[in-house]
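Welcome to this short briefing on a protein model.

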Amino acid sequence: MKVQAKSCRHTPEPSSLYAKWMDADWTNLRGEFPVLKEWTYLNTASLGPIPQCVVRAANRHFEHRDARACLDFLDWFSDIDEVRAKLATLIGASPDDIAFIPNTGSVLSWLLTGIDWKAGDHVLTLSDEFPNNLYFGGALQRKGVHSSTVPIPGDRFCIEELIECLTESTRIVLASAVNYSTGLRPPLDEIGEELKKRNILFYVDGTQSVGALSTDVAASRIDVLGVHGYKWMCCPPGTGFAYVAPHVREWLEPNVYSWRSHRDWRNVDHLHHGTPELPASAIKYEGGMQNFAGIYAMGAAVDLFESLGRGAIEEQVRVISAATRDTLRAAGAELLSDKHTYYDAPIVCGAFEGVDASRLALELQGRQITVAARKGRLRVSPHFFNNEEDMTRLADGLREVLPLLRG
Ligand SMILES: Cc1ncc(COP(=O)(O)O)c(C=O)c1O
């Protein structure tokens, strides 16, 4: 089905990208997201809406439990291995590299406890990172590890600054694939290459990226990746996954031991009672029972992405992000993406002179337009299900609210 071009009340910049957007068949897809009936949902960077197919997958699991009285629970583990394989494909990894996680803090905890930290070691992250990455260094202070952040003066990121911050003692660099408060999308491939040369670990948080933008752990030479699926993967909170490169698994000890820590854990009638022989795969980091409903749900989300085509989703995200920038610019916002490179992401942040961004976000929310405010800027975060009508509503909302706030 073709989406017909509709009259557009704001005047976006002419862009050949829009033509593709009009051509794409995304109308049926919107029915998968009930929230879109009442809301102009432009806040996936906070929480992504959950599509019906994902809800159904979780519900199917609960029904199945009763139908089979949970007797087949080992099969559930086989099912989630299939989800593991799908997630591996999503980021260019192997199923053995993938562990399910409840949140990204747990991946950071593996690194906090599993690296043989020595006094004088150095941890580097970027300024204005998500607190998880900033707190990592602080958690190591009592071991004599020091941490610092790459300066990003005036929100201008430059890889040379990062390289200058690396020392002989730097053990790890932590970075988000997309920054939650600015939309900075640092050049992971280039950073990964520099770190590999120096034998420094590279941890990437893909929570604000995976599901919208492509991730290739090999191309970016990522050693460990954490992804919480409740944003761009449109999954329930508490559902996520990690990638741990094979060479890291050789030495990184788990920090949770459970009945699944022994490689023969499936032998539940005769569980091993000696010292566990850890599996070689990333399963060793998972602990025991899993969040099956959430993982089935995550599998359904990946199926949805695959059915639409990962490339098509990324293209759609690129188009709607460009349209969002146009809409904010036309309303008078100063955009980070207009000033600097590396802001080509679906987290679009704009400052309106003389306007309190938090109040602006609240006013828009009161008009059924979900957006957020971060660090004095309005944060609009569209995903592949957003469309031109959403942009028109955002433009109308801004036109109505901005004069009220400027009083
Ligand atoms: C980059 C990033 N990572 C992770 C999270 C969520 O943290 P956690 O996985 O610890 O719940 C957020 C939430 O905004 C985020 O922006």
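The shell around the ligand in this predicted model divides into two nonpolar, eight polar and one charged residue.

**Around the ligand**
- Which residues surround the ligand? They are Asn103, Thr104, Gly105, Phe130, Asn132, Ser176, Tyr180, Asp205, Thr207, Gln208 and His228.

**How confident is the prediction?**
- The mean pLDDT of the protein is 93, and 94% of the residues reach 70 or more.
- Residues 1-23 have a pLDDT below 50, and in the model this stretch has 37 contacts beyond near neighbours in sequence.

- The protein is divided into domain 1 (16-50 + 310-406) and domain 2 (72-306).
- Between the C-alpha centres of domain 1 and domain 2 there are 29 Å.
- Where the two domains touch, domain 1 gives 24 residues and domain 2 gives 25 residues.
- On the side of domain 1 that touches domain 2, the elements giving two or more residues are α11 (310-330), α12 (336-339) and β10 (348-351).
- Helix α11 provides the largest share of that side, four residues.
- Sorted by class, the side of domain 1 that touches domain 2 has 14 nonpolar, five polar and five charged residues.

- In soluble globular proteins, nonpolar side chains tend to be buried together.
- The largest nonpolar core here has 114 residues, and Ala99, Val224, Ala242, Tyr243 and Ala301 touch the most other members.
- Helix α10 (residues 292-308) supplies the largest share of this core, ten residues.
- Domain 1 and domain 2 each contribute at least three residues to this core.
- Not counting residues up to four places away in sequence, Ala99 touches Phe241, Ala242, Val244, Ala282, Ile283, Tyr285 and Glu286.

- An α-helix has 3.6 residues a turn, so residues three or four places apart point the same way.

**Loop residues to look up**
- Most residues other than glycine have a negative phi.
- Ala69, though not a glycine, has a positive phi, near 50°.
- You can find Ala69 in the loop between α3 (52-67) and α4 (73-91).
- Is Ala69 buried or exposed? Ala69 is exposed, because it has 8 other C-beta atoms within 10 Å, and a count of 12 or fewer is the cut-off for that label.
- Asn199 also has a positive phi, near 60°, and sits in the loop between α8 (188-198) and β6.
- Asn199 counts as exposed because it has 8 C-beta neighbours inside 10 Å.
- Gly288 lies in the loop between α9 (246-249) and α10, and with 11 C-beta neighbours inside 10 Å it counts as exposed.
- Although Gly288 and Ser258 are 30 residues apart along the chain, their C-alpha atoms are separated by 5.4 Å.
- Leaving aside neighbours within four places in sequence, Gly288 is in contact with Ser258, Trp259 and Arg260.

Key
Residues are numbered from 1 along each chain as its sequence is written. This is a predicted model: local features need pLDDT of at least 70, side-chain atom pairs count only at pLDDT 80 or more; totals for chains, interfaces and linings use all residues. A residue is near a molecule or strand if its C-beta atom, placed from the backbone, lies within 6 Å of it. Ala, Val, Leu, Ile, Met, Phe, Trp, Tyr, Cys and Pro count as nonpolar, Asp, Glu, Lys and Arg as charged, and the others, Gly among them, as polar. A nonpolar core is a set of buried Ala, Val, Leu, Ile, Met, Phe, Trp, Tyr and Cys residues joined through C-beta atoms within 7 Å. A residue is buried if 20 or more other C-beta atoms lie within 10 Å of its own, exposed if 12 or fewer, and partly exposed in between; C-beta atoms are placed from the backbone. Domain bounds come from an automatic or database domain assignment. Two residues are in contact if their C-beta atoms, placed from the backbone, lie within 7 Å. pLDDT is the predictor's confidence in each residue, from 0 to 100.
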